[in-house]
Amino acid sequence: MLETSRPSLLPLLTLLVCAVWLLAGAQQLAAQPAPGKESPEEICKACHVEKYDSFVASRHGVKTDSRTPASRGACVVCHGDSALEHAKKGGGRGVGGIVNPGSKTMAADAKNRICLACHQGDPKRTHWQASVHAGRDVSCTSCHEVHTAHDKVRDKLTQPYVCFTCHKEQRVQVNKPSRHPILEGKVSCADCHNVHGNNPKQMVKSSVVETCYQCHMEKRGPFVHNHQPVTEDCTICHQPHGTTIANLLKSRPPFLCQDCHASLAGGGQHPSQYAGPPTGRTTSSSALGTVGRGCLNCHTNIHGSNSTQNSATAGRFRR
Amino acid sequence: MSQKTKRACKVTALAAALLTAYGPVLAAGPESEVSIGIGNWSDDRPQTGIYDGMRDSGPYFLLDADILKRDDATGTWYGLKARNLGLDDREIKAEWLRQGNIGLSLEYSRIPRDSPWTINTGLQGIGTTTLLVPTPSITPGTGTNVELGTVRDQITAKFFKSLGAGLNFNVSFRNETKEGTRAWGRGGAAEFAVEPIDSTIRQLEALLSYSHEGFQLTGGYYGTSYENANSMVTTSLTSGASPFFLSLPLDNKSHEFFLNGGYNFTPTTRGTFKVSYSQATQDEALGNFGGTASPLAPTHLDGRLDTTMGEIGITSRPMPKLSIVANLRYRDFADKTPVQGIVFNTTGTPTVYNTPFSYTNRIGKLEGTYLLPQAYSLLGGVEYNAQDRTVPSVGTLWVPFRANLDETTYRLQLRKSMSETVNGSLAYLHSDRDGSSYVLPSAGPIPSVGEPNQDRINPMHISDRVRDKWRAMVDWSPAEKLAFQFVIEDGKDTYDGPNTYGLQDGTARLYALDASYQVNSAWQIHAWYSRNETEANEITQRDLTTITKSNKLSEIGDSFGLGVRGKVSDKLKTGGDVEQFRSVNKYSQSISGAVLPATQVPTPDITNTLLRIRLYAQYAVQKNADLRINLIHERWSTDDWSWMMFPASGATPWAYGTTTDGTTVSANAKQDSTFVGVRYIYRF
């Protein structure tokens, strides 16, 4: 293990400080008012106690926030005024014309209008209507659970499994040997994708490279010697969801490199070499494009080089 | 007592103290829980333990907390969420929020990455900026075993304040340090080197947003900086010969200002816009690389990247059954770094220049969806992307370039929705990419060796390309408790162009079946199977004459999962998952008009298999406390030959260098490990 990965006391101290802080906050809890007996949610609670409890315990259930359903009519805000008619008639699926955004038979855009009435103001959702998801009948409730203490899609550890419901290819890719720490909950789909937005490929930033720079800013440069694809789109060479080739490469060197490079001049014959491991130790560049790091055995600064060495081969990312 | 055990005692004692002192006091509002436990991995897990901080066999302490309390009188939330506090990939977040008014949070997260390889080397100076490669070579396998890896430590702070009347202010700041080592190369020779990593990324974003009924407007600033503690690594042989100076990424920073918004003109028509401008700069001193730089070379790059983006869009339902989405997008990425000579000949004339690349994209998109009877709908769309690209005008070209690319994409989708039993979609995409004529490298044909097609390749990302993709997806619920999902995808890219070499075509297919069954109110079963098939065909250059090399690369993956969740009794819950992921990569090569030389080592198939079995049982020892037992068994196997060489005597680890170095890299081809963990979970 790395020396640098030894545990530090920082998190534990933070935990202690926060616990004391929590205690201070908890002392105010005795002042909680009793819920109103005549409120619409009390009517709904009679039959839907679990939904009621989850609503009250959620951020939707905070009455001091003027934006929440709790302060604007409770259940009827999302389920419609017909929810009261539904209650009067004794309940039952669809009785009284109750609006149920969790229903399969309700149109996606009708469901989404309910949520967007409050949540469109979130800057990440300004462009929802133009998003790919909105255009494919994906509704908020396709991914989000409202009546739960733990909305899986808002937890980094469980979010990918919600996305895998439709994105089957990625379910396999994230289990390949070269991958991001998605299974560990360290990188989530939403770290790279704004699924509520309309950027190309639903990226959180306006391009793929700007999205990747959030964590891989050393690739931004600009370098003295830029490798052109690096400046354009990381996914030309990398498959970020996972691959069987080291460093998330889409294909193994030299095959990958030979998709752009076909040159005998200047560098001997090695850009056109066969792929195959060597038969023994060698320093021949024509036999080193496959084994180990492949072409990167020598072209080690493949993302760009800042070398100003006065060498005719300075632009080849070897230094 | 081992180091891990000592650590565990501290952690456990602290957690117990927290539970005792604060648990009962906080017994109100949303549910909270703290779990404490211990687990043990039976064997090392170099491959599957890359990121989870449990690469080595042995005991680990398990401590998680999710404490969330609310003061209803003020709408104030107090949150503390901690995950994996006993492990290297620990994270903890504290949050205070007076909902709708003001809030702040502070989060710490560590991401370890341990290289799955064991490196045996005589390289000296690992982790520093001075590396010495042994000469003469060590006898392969007799060096020191080293394990490389990195650790990212992220601290994120966020603040929110409502300014009233729909106006909100958000600011977030992240500081991320990355330290460690990474496998590298010495560049000047194919010898092993290690890149020292010691950098810091900082990101600050401030947003001011306004929202009132159908109008939203957000403006803000996004600033970043990258700082690298090192700018160069000096390497040489232990004899002092062959010094090579390796550059590292230099400090850079960026500033971006943006404004975007939307307005509902009518209940069915909405307009949106985005504008942004950013400037990134890199101007750290370049150094003279041990005196190897020309005195005429610049001392600073004066690097500057300007990105301008603008977009307008409209979504509308002009008729009850028709909805449309249309937008125009312009993005200009301009590398405004001045072009300067970097390498000079003896007369002082530059021969190599720095290489800025710029791109301008103009994209138009129109998509319409028409509602058909019985909840069917038909979507049709077209998108046009015109791109201007830099073709370097000075220096040597190594690959062909194109000044313009144009791509038109058509989409068609038939959907069925709003049914209790069958929903689904059938989608087709067709796109066609072409562009301007190629600017070829100046080297040209080499008559002396009979190579007329020197550098004549259609690079894969600018080649003419026709793409066809199909996707069918069906959700079928034949009974209330039984559901199936079928997905079939088929995609084909066909590449074309005037040049001889390059990617010819590629196909990708996916077949997936998911099923879930609610046996009764207590038990649920789900299962899935997925098959992926990809193939790429390339024609690449072979040395001399007109011989070409054809490569057929393929990967076939078969994966499945089976899971069960259930309640044996009111007190006992149990369940488990079995998942297997298997992929086979094939690398087939042939050459035109000849057979591969007998001396050429073939590229064997590579099969990777991961089997993961997870079982758990959770027993309620009291109303608000459970005891949970987890059992995980992992089996990873690979026959990846990436670090092997194949002499006649049989496969053996490849060693760097011949008379120097001698580093070997190995990976454990079969890794089996079993984890047993027990946790006490307390809710309050």
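Predicted model: local features only at pLDDT ≥ 70, side-chain atom pairs only at ≥ 80, totals over all residues.
A residue counts as buried if 20 or more other C-beta atoms lie within 10 Å of its own. By that criterion, helix α6 of chain A has a buried set made up of A:A108, A:K111, A:N112 and A:L116. These residues lie on the same side of α6(A), because they cover an arc of only 125° around the axis. The cover over them includes two further helices of chain A, α7 (132-135) and α8 (140-143). The helix itself runs from residue 108 to residue 119.

Chain A contains 13 helices and 2 strands. It has 319 residues, of which 50% are buried. Among its contacts with a separation of 6 or more, 42% join residues 24 or more positions apart. Chain A also holds a cis peptide bond, between A:G221 and A:P222. Omega there is about 0°. A:P222 sits in a loop, with α12 (208-213) on one side and β1 (225-226) on the other.

Chain B is built from 39 strands and 1 helix. Its C-alpha atoms fill a box of roughly 85 × 75 × 50 Å along the principal axes. Of its 684 residues, 35% are buried. For chain B, residues 24 or more positions apart supply 61% of the contacts with a separation of 6 or more.

The chains touch one another. Chain B contributes 168 residues to the contact, and chain A contributes 113. The side of chain B that touches chain A comprises 81 nonpolar, 60 polar and 27 charged residues.

One sheet of chain B illustrates its strand pairing. This open sheet has 3 strands in the order β8-β6-β38, and the pairing is antiparallel. Strands β8 (144-146) and β38 (664-666) form the edges, since each pairs on one side only. The twist from one strand to the next averages 25°. Strand β6 covers residues 118-121 and is joined to β38(B) by 3 bridges. Within this antiparallel pair, B:T118 of chain B stands opposite B:S666 in β38(B).

A cis peptide bond is found in chain B as well, joining B:T135 and B:P136. Its omega is about 5°. B:P136 belongs to the loop between β7 (130-133) and β8. Strand β8 is also an edge strand of the sheet described above.

Two loop residues of chain B have a positive phi without being glycine. For B:E213, phi is about 50°. This residue lies between β11 and β12 (215-228). B:E213 is exposed, because its count is 11 other C-beta atoms within 10 Å and the limit for exposure is 12 or fewer. For B:D455, phi is near 65°. The loop that holds B:D455 runs between β26 (438-439) and β27 (457-458). B:D455 has 27 other C-beta atoms within 10 Å and is therefore buried.

A further loop residue is B:E191, placed between β10 (167-185) and β11 (192-212). B:E191 is buried, because 27 other C-beta atoms lie within 10 Å. Not counting residues up to four places away in sequence, B:E191 touches B:V133, B:R186, B:Y656, B:G657, B:T660 and B:D661. B:K552 is 361 residues from B:E191 along the chain. The C-alpha atoms of these two residues are separated by 30 Å.

Key. Residues numbered from 1 in each chain as written. Chains lettered and ligands numbered in written order. Helix = DSSP H or I, 4+ residues; strand = E, 2+ residues; numbered from the N terminus. Contact = placed C-beta atoms within 7 Å. Nonpolar A, V, L, I, M, F, W, Y, C, P; charged D, E, K, R; others polar. Pairing = 2+ DSSP bridges. Axes fitted to C-alpha atoms, helices over the stretch in contact; angles between N-to-C directions. Expected span 1.5 Å × (residues − 1). Arc of directions from axis to C-beta.
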